[in-house]
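Here is a friendly walk through the structure for someone meeting it for the first time. Please keep the view open while you read.

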Amino acid sequence: MADWVAYALMAGALAGAAWSGVLLVLGRPMNDPLFWLLAVVELGLVVELIAGSIALALTEREVDGVTFIGYLATVWLVLPFGVAWAASEKTRWGTGVLVLACITVTVMVLRLHQLWNGL
Amino acid sequence: MTEPATRQGPGRLLVAVYAVFALSASARSGVQIATEFSEARVAYALSGVAAAVYLVATVALVRGGAVARRVAAIAIAVELVGVLVVGTLTVVDGDLFPDETVWSGYGSGYGYVPLVLPILGLAWVWHTRTREGDGTG
């Protein structure tokens, strides 16, 4: 798993968290640009699932494979569920769900990155 | 069609936090029990219990009917007792649980959220009860 992929995904998820945070303060629900940002991050996470699985199968590294696959197989579910759960709550609490989902994705990608590098 | 009170407003975020903990606790205990259960049976069994409690609380808060609210209250109360007992035990005797659980050190590994969450959860179940009788179901 290349470092830059993890950094890009974390940057995207953090940008999503910051954006949701601003909307939260303004008391607004998700808007279209934020949706598309999250969609791009989600696409990256699905690519990560495929690429990460292949990389794990081929690598000579000492990686905790079960935990790595555990994170890989669940991280891409967070944003779809988060967005769906937030969508029907048009108050700032719904936007808070998006902040939480983005932070969760950031932490999970960080853990994947750490696991891959044996940290 | 009105949604159950437990998942509206602040409840939206509360349920989301519970879902994150249900996911992380389940994944963690799944890995522990699948790969190294014999090494620390008590700690890993405890991880499994914690995961189950978070799962039950999440589902119950989402459903939000009269029965579900009672289930939620019980699950969250167990969660509170769990984090207090396990937190105290790990602080008093660190060797008792050789590997981390969600509740170790009062949830210090998770920013003490596991300690605050059950208090917020019980307050929320109580708050929605006084506002809307015994819920919508």
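1. **Before you start.** This is a predicted model, in which local features need pLDDT of at least 70 and side-chain atom pairs count only at pLDDT 80 or more, while totals for chains, interfaces and linings use all residues. Residues are numbered from 1 along each chain as its sequence is written, and chains are lettered from A and ligands numbered from 1 in the order in which they are written.

2. **Chain A in outline.** Chain A holds four helices and zero strands, and along the sequence its pattern is α-α-α-α. Helices here are DSSP runs of H or I with at least four residues, strands are runs of E with at least two, and both are numbered from the N terminus. The C-alpha trace of chain A spans about 50 × 20 × 20 Å along its principal axes.

3. **Burial and contacts in chain A.** Of the 119 residues in chain A, 39% count as buried. A residue is buried if 20 or more other C-beta atoms lie within 10 Å of its own, exposed if 12 or fewer, and partly exposed in between, with C-beta atoms placed from the backbone. Among contacts in chain A between residues at least 6 apart in sequence, 76% join residues at least 24 apart. Two residues are in contact if their C-beta atoms, placed from the backbone, lie within 7 Å.

4. **Helices α1 and α4 of chain A.** Helix α1 (residues 3-26) of chain A packs against helix α4 (residues 92-116) of chain A at an angle of about 165°, with the axes 8 Å apart. Axes are lines fitted to C-alpha atoms, for helices over the stretch in contact, and angles run from 0 to 180 degrees between N-to-C directions. The pair α1(A) and α4(A) is therefore roughly antiparallel. For reference, angles under 35 degrees count as roughly parallel, over 145 as roughly antiparallel, 65 to 115 as roughly perpendicular and the rest as oblique. The residues of this contact of α1(A) with α4(A) divide into 16 nonpolar, seven polar and one charged. Ala, Val, Leu, Ile, Met, Phe, Trp, Tyr, Cys and Pro count as nonpolar, Asp, Glu, Lys and Arg as charged, and the others, Gly among them, as polar.

5. **Helices α2 and α3 of chain A.** Helix α2 (residues 32-58) of chain A and α3(A) also deserve a look: they pack at an angle of about 165°, with their axes 10 Å apart. That makes α2(A) and α3(A) roughly antiparallel to each other. Among the residues that make the contact are A:Leu45 and A:Leu49 of α2(A), and A:Leu72, A:Val75 and A:Trp76 of α3(A). By class, the contact of α2(A) with α3(A) has 14 nonpolar, three polar and one charged residues.

6. Is A:Val75 buried or exposed? A:Val75 is buried, because 23 other C-beta atoms lie within 10 Å. This residue sits in helix α3 of chain A. Leaving out residues up to four places away in sequence, A:Val75 touches A:Leu45, A:Val105, A:Met108 and A:Val109. A:Phe81 is found in helix α3 of chain A, and with 14 C-beta neighbours inside 10 Å A:Phe81 counts as partly exposed.

7. **Chain B.** Chain B has four helices and zero strands, and 44% of its 137 residues count as buried. Helix α2 (residues 41-63) of chain B and helix α3 (residues 66-92) of chain B pack at an angle of about 150°, with axes 8 Å apart. This makes α2(B) roughly antiparallel to α3(B). The residues of the contact of α2(B) with α3(B) divide into 14 nonpolar, one polar and two charged.

8. **Where the chains meet.** The contact takes 14 residues from chain A and 13 residues from chain B. On the chain A side, the elements giving two or more residues are α3 (65-87) and α4 of chain A. That side has five nonpolar, eight polar and one charged residues.
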